[in-house]
Amino acid sequence: MGKMAAAMGSVATLAAEPGEDAFRKLFRFYRQSRPGTADLGGVIDFSAAHAARGTGPGAHKVVRSQLNVSSVSDHDAYRAGLQPVSKWRAYGLQGYPGFIFIPNPFLPGYQWHWVKQCLKLYSRKPNVCNLDKHLVTGETQDLWEQSKEFLRYKEVNKRRPRSLLEKLRWVTLGYHYNWDSKKYSADHYTPFPSDLAFLSEQVATACGFQGFRAEAGILNYYRLDSTLGIHVDRSELDHSKPLLSFSFGQSAIFLLGGLKRDEAPTPMFMHSGDIMVMSGFSRLLNHAVPRVLPSPEGESLPCCLETLLPADLPRDSVVEPCSVEDWQVCASYLKTARVNMTVRQVLAVGQDFPLEPTEENKRDVTTGFCHLDDETSQVKRARLNTDC
């Protein structure tokens, strides 16, 4: 508890900037935090054994969450690369009804598939990405092919220019989110990846959301200096369905706040393989990522990513084999990066998009930009090589 008290003391003594609310103050504190010091003592770590016993930092807020164990067969979980639901640990937080945190329920080695899909497959056309605004169509057709040799020999030539994959900041799937209008539309849609839809459906079902449909995805690609600004995900037309979040790669700090920004958020770690579900009351809460944490061992992978994906996969598995060459590229990338997949259901059953007033008012989705922290977004929009 000493580290937690020290961390809270540091936050309390941080001078507030003019007009700064409680969420922004804590965001700034963790953005400037020093790993390995008491600064992170107040961050909840759901993956630690003491989280379940209620003795760690912030553990007075941690409660066990019940999952619908019988709703997902062990075979369907296995097909998605997940452990049987009976072996998952799930937690919630007092004061945040509808929030569920599941520390890494993936089978050993199976995170490889999802990382490879984010870097190799989901980044391809016809999916939309932040680079579309700055490059001609042919240059963004297959970012993996243009980047794999750069990443494979990253250790040899650290002074080389960043590859296109390293400049990637977001990709949209299914109903493509328009960053300018903050809306989805029926006329900008491409088929949602079937493997990610299956994974999402199993997780949603285990959390009590039968019939969840994966209709839109936003993938965020973080470097060690990246942040995700304070925001609320309210653009989906049906808020009764959960938002699912999957993390891979380096750890990060996630801040979950209240309905208003003057409510101080609760900080927690997100490690590789962790899943968060935001539903009900928690579905429309302010949240942000102020910090991606470098590995304490330098440029290295989290230990859960060091296990090989088994060669013998179920015949009907949605997970595909990953070659050694492909994983070399993925591993090189993830040593200094993090990938997050968020999956949403946009429409209720039988619901349609409202008609737009005029065609002239529509704007091309590719003119958008990533959702960055308000204080730095004006600068970072112009800095393609770093944060957009």
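This is a predicted model: local features need pLDDT of at least 70, side-chain atom pairs count only at pLDDT 80 or more; totals for chains, interfaces and linings use all residues.

Residues are numbered from 1 along each chain as its sequence is written, and side-chain values use heavy atoms, with hydrogens and water left out.

**Annotated binding site**

- An unreviewed UniProt entry lists His231, Asp233 and His287 under "binding site", and such annotations may be inferred rather than shown by experiment.
- These positions are spread over 57 residues of sequence, yet they cluster in space, with a largest C-alpha distance of 8.9 Å.
- Asp233 sits in the loop between strand E7 (228–231) and strand E8 (243–249), where strands are DSSP runs of E with at least two residues and helices are runs of H or I with at least four, numbered from the N terminus.
- Asp233 counts as buried because its relative accessibility is 12%, buried meaning under 20% relative accessible area with a 1.4 Å probe and protein chains only.
- The side chains of Asp233 and His287 make a polar contact at 2.8 Å (a pair of N or O atoms within 3.5 Å, one able to donate a hydrogen and the other to accept it, with residues adjacent in sequence counting only if both atoms are side-chain atoms).
- His287 belongs to strand E12 (residues 287–292) and, at 5% relative accessibility, is likewise counted as buried.
- Leaving aside residues up to four places away in sequence, His287 touches, among others, Phe23, His231, Asp233 and Met278, contact meaning heavy atoms within 4.5 Å.

**Ser33 in its loop**

- Ser33 lies in the loop between helix H2 (22–31) and helix H3 (49–53), and its relative accessible area of 4% makes it buried.
- The side chain of Ser33 reaches the backbone oxygen of Tyr30 at 2.7 Å.
- Beyond residues up to four places away in sequence, Ser33 touches Asp39, Leu40, Ile253 and Arg291; Ser33 and Arg291 are 258 residues apart in sequence but 8.3 Å apart in space, C-alpha to C-alpha.

**Largest pocket**

- The largest pocket has a volume of about 500 Å³, a volume being the space filled by probe spheres set on the grid points.
- Its lining comprises 22 residues, of which Ser251, His271, Ser295, Pro296 and Pro302 lie nearest the centre of the pocket.
- On a 1 Å grid over the protein atoms alone, with a 1.4 Å probe, a pocket is an open set of points with protein on both sides within 12 Å along at least five of seven lines, and lining residues have an atom within 4 Å of a point.
- The lining divides into 11 nonpolar, 8 polar and 3 charged residues, with Asp, Glu, Lys and Arg counted as charged and Gly among the polar ones.

Note on methods. Buried means under 20% relative accessible area, exposed over 50%, partly exposed in between (1.4 Å probe, protein chains only).
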